[in-house]
Amino acid sequence: MLVDTHCHLFFDELKKDLDGVLSRAAALGVTKFICVGTNVEDSQHSYELSLKYENIFSTAGVHPHDSEEVPKDYLDQIKILLKKPKVIALGEIGLDYFKNISDKKIQKNIFREQLELAQEINVPIVFHNRDSDKDILDTLSKFPDVIGVAHCFSSSYKVAKKLIDMGFYISFSGNLTFKNSHLPDVAKKLPLNKILVETDSPFLSPVPHRGKINEPGRTRFVAELLAKLHGSTINQIALITTNNATNLFNL
Ligand SMILES: [Zn+2]
Ligand SMILES: [Zn+2]
C-alpha cells in the first residue's frame with residue numbers, strides 16, 4: 001500500500017471523475033491520499049472530501065502563489081479547519097521565487113505567520129520551495145519546534161541533509177523520474193526512513209506519462225524508481241514510506 005502524501009483532488013481535472021481517479025489509484029496500490037489545500041477555500045474543499053471518503057485526509061494552508069489574496073481572517077479560518085478530524089497538517093505554505101506570482105515580501109510574511117500558527121498549535125507543516133532555499137532555511141531555523149515535509153523536493157543534497165537534520169522529511173514527486181534530473185542522485189543518498197512519496201497531481205506527471213494530467217495512482221512510478229535507486233523492492237519502499245507518512249501525520 002502506498003500513500004500519495006500530496007495531491008490536489010479538488011481541482012476540476014481530478015474532481016470531475018474522482019471515483020474513477022481513486023479506483024485507478026487502488027489498482028496501482030495507492031490507497032491513501034493527503035489532499036493539500038492551497039488557500040482557505042480549497043482547504044475547506046479538501047476537508048469536505050475527507051469527510052466523504054474514508055481514505056482521504058486533508059490539510060489547510062495558504063500557498064505562496066495565493067499569499068496576496070488572503071482574507072484578513074485567514075489564520076483564524078485555517079486554525080478552525082486544523083481542529084477538525086482528518087485535517088492533519090498546515091499547508092501548503094512556503095516560498096516560490098521561480099514564478100513569483102505573489103510579491104516576495106508578502107510571501108515571506110504569510111509563510112512566517114503560518115509557521116507561528118504551526119508552532120502555537122503543534123501541527124506538522126507541508127512546505128513548498130522553489131528557488132528559495134536560503135530564505136526557506138533561514139525562516140524554518142527560527143521555528144525549531146516545527147517539523148513537517150519538504151514537498152516536491154527539487155533542491156540539492158546539501159539542502160536535503162540540512163532539512164533532515166532539522167527534523168523534516170523529504171518528499172519526491174514525478175520530477176524524480178524526469179530525464180537528466182539531479183534528483184535521483186539526491187534520493188540515492190538519503191535515508192529511506194526520511195523519504196515520502198507524492199504526485200502533486202494534477203501537476204507534474206511522471207515518466208511514462210509526462211505532460212499529461214497527473215493522478216494520485218502515479219505515486220507508484222515514483223516509488224518504483226526509489227526502489228531501483230536504493231536497490232530495494234516496491235513492497236519495501238511502500239512499507240517504509242507509508243510508515244513515515246503515518247508517523248509524521250498521525251494518520
Ligand atoms: Zn507545491
Ligand atoms: Zn501542491
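This is a predicted model: local features need pLDDT of at least 70, side-chain atom pairs count only at pLDDT 80 or more; totals for chains, interfaces and linings use all residues.
The protein comprises ten helices and eight strands. Its radius of gyration is 17 Å, close to the 18 Å that the globule rule gives for 251 residues, so the protein is as compact as a globular protein of that length. Along the principal axes, the C-alpha atoms occupy a box of roughly 45 × 40 × 30 Å. Of the 251 residues, 51% are buried. Among contacts with a separation of 6 or more, 70% are between residues 24 or more positions apart.

Turning to the sheet, eight strands make up an open arrangement in the order S1-S2-S3-S4-S5-S6-S7-S8, with parallel pairing. Strand S1 (2–7) and strand S8 (195–197) form the edges, each pairing on one side only. On average, and with direction ignored, neighbouring strands of this sheet are turned by 30° against each other. Within the sheet, strand S4 (residues 87–96) runs parallel to strand S5 (residues 125–130), and six bridges join the two. Here aspartate 96 is found opposite arginine 130 of S5.

Two packed helices are described by the angle between their axes and the distance between the axes. For helix H4 (residues 74–82) and helix H5 (residues 104–121), the axes come within 11 Å and cross at roughly 35°. The crossing of H4 with H5 is right-handed. On the H4 side, Leu75, Ile78, Lys79 and Leu82 make the contact, and H5 contributes Glu113, Leu117 and Ile121. By class, the residues of this contact are five nonpolar and two charged, with no polar ones.

Most residues other than glycine have a negative phi, and most peptide bonds are trans. In the loop between S4 and H5 lies asparagine 100, whose phi is positive, near 50°. Asparagine 100 has 15 other C-beta atoms within 10 Å and is therefore partly exposed.

The loop between S8 and helix H9 (219–229) holds proline 202, and the peptide bond from serine 201 to proline 202 is cis, with omega near 15°. Leucine 204 also belongs to the loop between S8 and H9; its phi is near 60°, a positive value in a residue other than glycine. Leucine 204 counts as partly exposed because it has 19 C-beta neighbours inside 10 Å, where a buried residue needs 20 or more. Proline 208 likewise sits in the loop between S8 and H9, and a cis peptide bond with omega of about 10° links valine 207 to proline 208.

Terms used. Residues are numbered from 1 along each chain as its sequence is written. Chains are lettered from A and ligands numbered from 1 in the order in which they are written. Two strands pair if DSSP finds at least two bridges between them. Helices (H or I, at least four residues) and strands (E, at least two) are DSSP runs, numbered from the N terminus. Axes are lines fitted to C-alpha atoms, for helices over the stretch in contact, and angles run from 0 to 180 degrees between N-to-C directions. A crossing is left-handed if the near helix is turned anticlockwise from the far one by less than a right angle, and right-handed if clockwise. Two residues are in contact if their C-beta atoms, placed from the backbone, lie within 7 Å. Ala, Val, Leu, Ile, Met, Phe, Trp, Tyr, Cys and Pro count as nonpolar, Asp, Glu, Lys and Arg as charged, and the others, Gly among them, as polar. The radius of gyration is taken over C-alpha atoms; the globule rule is 2.2 Å times the number of residues to the power 0.38. A residue is buried if 20 or more other C-beta atoms lie within 10 Å of its own, exposed if 12 or fewer, and partly exposed in between; C-beta atoms are placed from the backbone.
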